[in-house]
Amino acid sequence: MTGKKSRRVVGSYFVSTLSIALVLVVVGILIFILLNARFISDHVKQNIGFSIIVKDNVNEAEVKKMQKILDTKPFVLSSVFVSKEEAARNFKAELGEDFEQVLGYNPLLSSIEIKLNPLYANNDSLAILEKNLSAYDIVQEVSYQKSLVQYINENIRKISLILLIAGAALVLISFTLIRNTIHLSVYSQRFLIKTMQLVGAKPFFICKPFIRDGVWFGFFGSMFANVILLTAVYFLQQEVGGVINILNNQILIIMVVFVFITGILLSFFTSWLSVVTYLNKDLNDLYQV
């Protein structure tokens, strides 16, 4: 009989831990998506750039001097000098025809191709940069796609808002599910809780073992959840590794730590709330399901 009871208790603990782990997997996935959304957003913005097209009579030394000055500016992530000859070769490769033979000369100009720091990848910043750079004597034109920049930023804002709303909803659902899981484990001992209160036990003394069990549920649930998450991220990287690298150590550490802290804190507070609920109930109310 004792063996059956012991197995039942172990089974109950396992189910509670597994339930918490599955909830925390959802939380971990959300955090991973949110963190990578910022990483992907920065990655996309880093590919936004503009061209500084220089005048035809400017020699290469002057252009490269300007490039060195620009490389020291905070808005420049990287820069590449493209000479007239290189621009012509690139255009021929794209066009598939030798336009110089038709025209009899190379109409293209040298340029400096700038990749932006993500913080400056918006139309307001680019308008200011365009005005300042156009003031240089050697600059003929500053070229960038205004509509593309606006489109990218608008979509990033929309996606961020959707993820934040979904995140808030999932955190609330997670709290409710973990609370229900621990509440069920406390429910079976509600009469013991009330009896201890009636014989004079202090609330802290009564809560202590339940909170301890709840924290252990949270700890082991977090551990199982992190194992599942890290395994999933590893296999996902095998599939998408050729497109983007998602094995970012900083993101993975934040995800693992967040899942651990969330699991333990939610388990702690829900255990305490569940016990306090029965401490505040009348004895007759405990017979109600």
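Modeller: Helices here are DSSP runs of H or I with at least four residues, strands are runs of E with at least two, and both are numbered from the N terminus. This is a predicted model, in which local features need pLDDT of at least 70 and side-chain atom pairs count only at pLDDT 80 or more, while totals for chains, interfaces and linings use all residues. Residues are numbered from 1 along each chain as its sequence is written, and side-chain values rest on heavy atoms, with hydrogens and water left out.

With a relative accessible area of 4%, N226 is buried; that word stands for under 20%, exposed for over 50% and partly exposed for the range in between, using a 1.4 Å probe and protein chains only. Leaving aside residues up to four places away in sequence, N226 touches M255, V256, V259 and F260, a contact being heavy atoms within 4.5 Å. N226 also lies 7.8 Å from G28, C-alpha to C-alpha, although 198 residues separate the two in sequence.

Over the whole structure, a search finds six aromatic pairs. In one of them, the ring centres of W216 and F219 are 5.8 Å apart and the planes stand at 90 degrees, so this pair is edge-to-face. The criterion is that rings of Phe, Tyr and Trp (its six-membered ring) have centres within 6.5 Å; planes under 30 degrees apart are stacked, over 60 edge-to-face and the rest tilted. W216 and F219 are three residues apart in helix α8, which spans residues 203–240, and therefore are separated by about one helical turn. Both are partly exposed, W216 at 46% relative accessibility and F219 at 30%. W216 also pairs with F220, here in a stacked arrangement with 5.4 Å between centres and 25 degrees between planes. W216 and F220 lie four residues apart in helix α8, again about one turn of the helix, and F220 is partly exposed at 32%.

Helix α8 also contains residues 212 and 213, and these carry charge. R212 forms a salt bridge with D213, the closest N and O atoms being 3.9 Å apart; the term requires a side-chain nitrogen of Lys or Arg within 4 Å of a carboxyl oxygen of Asp or Glu. R212 has a relative accessibility of 46% and D213 one of 23%, so each counts as partly exposed. The whole structure holds two salt bridges. K64 and E60 form one of them, with 3.1 Å between the closest N and O atoms. K64 and E60 sit four residues apart in helix α2 (residues 60–71), which means that about one helical turn separates them. K64 is partly exposed at 37%, as is E60 at 42%.

Next comes helix α9, residues 249–279, which includes W272. W272 is partly exposed, with a relative accessible area of 39%. W272 belongs to a nonpolar surface patch of about 710 Å², made with I253, V257, I261, L265, F268, F269 and L273. Patches take residues with over 30% relative accessible area and no salt bridge, joining like charges within 9 Å and nonpolar side chains (Val, Leu, Ile, Met, Phe, Trp, Tyr) within 5 Å.

Helix α7, residues 190–198, has R190, I193, K194 and M196 as its buried residues. These cover an arc of only 160 degrees around the axis, so they lie on the same side of α7; the arc is taken from the directions from the helix axis to the C-beta atoms. Just after α7, G200 takes a positive phi of about 100 degrees.

As for the whole chain, the protein has nine helices and four strands, which run α-β-α-β-α-α-β-α-β-α-α-α-α from the N terminus on. Of its 289 residues, 35% are buried. Among contacts with a separation of 6 or more, 81% join residues 24 or more positions apart. The accessible surface is about 17,800 Å², with 64% belonging to carbon and sulfur atoms; such areas come from the Shrake-Rupley method with a 1.4 Å probe, and for residues only the protein chains shown count as cover.
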